[in-house]
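Please keep the sequence and the structure in view while reading.

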Amino acid sequence: MSERSVSKSREQKRWYDVLAPEQFDRAELGETLAEEPDQVIGRTITTTLGELTGDSSANNTKLTFKITDVGSDTAYTEFIKYELTRDYLRSLVRRGASKVEASITVVTTDDYRIRVQPVALTTKKADRSQEKAIRRVMIDKVHDAAEERTFESFVDAIVDGNLSSAVYADAKTIYPLRRVEVQKLTLEARPEEIAAEEEAAVEVDADDVAVDE
């Protein structure tokens, strides 16, 4: 493709301002280039919590958003992932201490399915039964949080550190802890996707029923 055709193609495209959801105060996430609005739908953009809030101490937290709608020259997003940076996670690990992890899938009160991956770091090496008990606390606290929160308020509880604090408060009675974090949260399915899965499951069950002739 010649330089002239590349230049013409770029001239036909337009920039769209990408905004975070209302939950994050419609903060500007950046810009994206496309010829048609439909081409923007489905694109993702990743930033840090520090960049959104102006707090540099939160730059170890990455947030990913997915574009779901376009109006005029603005693209609107939904939140889909929270993740701590690898460098930050490595900095938490200490030799001779335990790192207790869990991966938990839950459904919030407004029918969003999410996968939550908390991690607890002890001051010294815990034994296997203590690690198991700490993991049980993490699992129970995540389930409790999902049973009483919408997707948005669940995300808030993680971003604000409230869920980590709740796990820490209970798990520290099992073995001294240095830190509890949620290292990752991922949106797995929206309400309409869960409803479609359930409907499909019902149809499969119906097909499995024997019919007497």
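## Aromatic pairs

The structure holds five aromatic pairs, where rings of Phe, Tyr and Trp (its six-membered ring) pair if their centres lie within 6.5 Å, and planes under 30 degrees apart count as stacked, over 60 as edge-to-face and the rest as tilted. In one of them, Phe-24 and Phe-65, the ring centres are 5.4 Å apart and the planes stand at 85°, so the pair is edge-to-face. Because Phe-24 lies in the loop between strand S1 (14-19) and S2 while Phe-65 belongs to strand S4 (residues 61-71), this pair ties together parts that are 41 residues apart in sequence. Phe-24 and Phe-65 are both buried, a word that stands for under 20% relative accessible area, with exposed for over 50% and partly exposed for values in between (1.4 Å probe, protein chains only). Helices (H or I, at least four residues) and strands (E, at least two) are DSSP runs, numbered from the N terminus.

Phe-65 also forms an edge-to-face aromatic pair with Phe-79, at 6.0 Å centre to centre and 70° between the planes. Since Phe-65 lies in strand S4 and Phe-79 in strand S5 (residues 74-84), this pair ties together parts that are 14 residues apart in sequence. Phe-65 and Phe-79 are both buried. Ring pairs link Phe-24, Phe-65, Phe-79, Tyr-112 and Phe-151 into a cluster.

## Basis of the values

This is a predicted model, in which local features need pLDDT of at least 70 and side-chain atom pairs count only at pLDDT 80 or more, whereas totals for chains, interfaces and linings use all residues. Residues are numbered from 1 along each chain as its sequence is written, and side-chain values use heavy atoms, with hydrogens and water left out.

## Strand S5 and its partners

Eight of the 11 residues of S5 are buried, so this strand is largely enclosed by the rest of the structure. Two strands are said to pair if DSSP finds at least two bridges between them, and S5 pairs with S1 in the parallel sense over three bridges, with Leu-19 having Tyr-76 in S5 as its bridge partner. S4 and S5 run antiparallel and are joined by 10 bridges, Thr-64 being partnered by Lys-81 in S5. The hairpin that S4 and S5 form has two residues between the strands, and Ser-72 in the turn has a positive phi of about 60°.

S5 also pairs with S9 in the antiparallel sense over three bridges, and here Lys-81 stands opposite Thr-186 in S9.

## Strand S8 and its partners

Strand S8 (residues 113-122) is mostly covered, with seven of its 10 residues buried. Strand S6 (residues 99-101) pairs with S8 in the antiparallel sense over three bridges, and Val-100 stands opposite Ala-120 in S8. Strand S7 (residues 104-107) is likewise antiparallel to S8, over four bridges, and the bridge partner of Ile-104 in S8 is Val-116. In the hairpin of S7 and S8, which has five residues between the strands, Asp-111 takes a positive phi near 65°.

S8 and strand S9 (residues 177-189) pair in the antiparallel sense over 10 bridges, with Glu-181 in S9 as the bridge partner of Val-119.

A nonpolar core is a set of buried Ala, Val, Leu, Ile, Met, Phe, Trp, Tyr and Cys residues joined through side-chain atoms within 4.5 Å. The largest one has 52 residues, and those with the most contacts inside it are Phe-79, Val-116 and Phe-154. Helix H4 (residues 128-148) gives the most to this core, with six residues. Contact means heavy atoms within 4.5 Å, and, not counting residues up to four places away in sequence, Phe-79 touches several residues, including Phe-24, Phe-65, Phe-151 and Leu-185.

In helix H5 (residues 151-159), the buried residues are Phe-151, Phe-154, Val-155, Ala-157 and Ile-158. Seen down the axis of H5, they fall within an arc of 155°, so they line one face of the helix; the arc is that of the directions from the helix axis to the C-beta atoms. What covers the buried residues of H5 includes S5, S8, H4, helix H6 (162-171) and S9.
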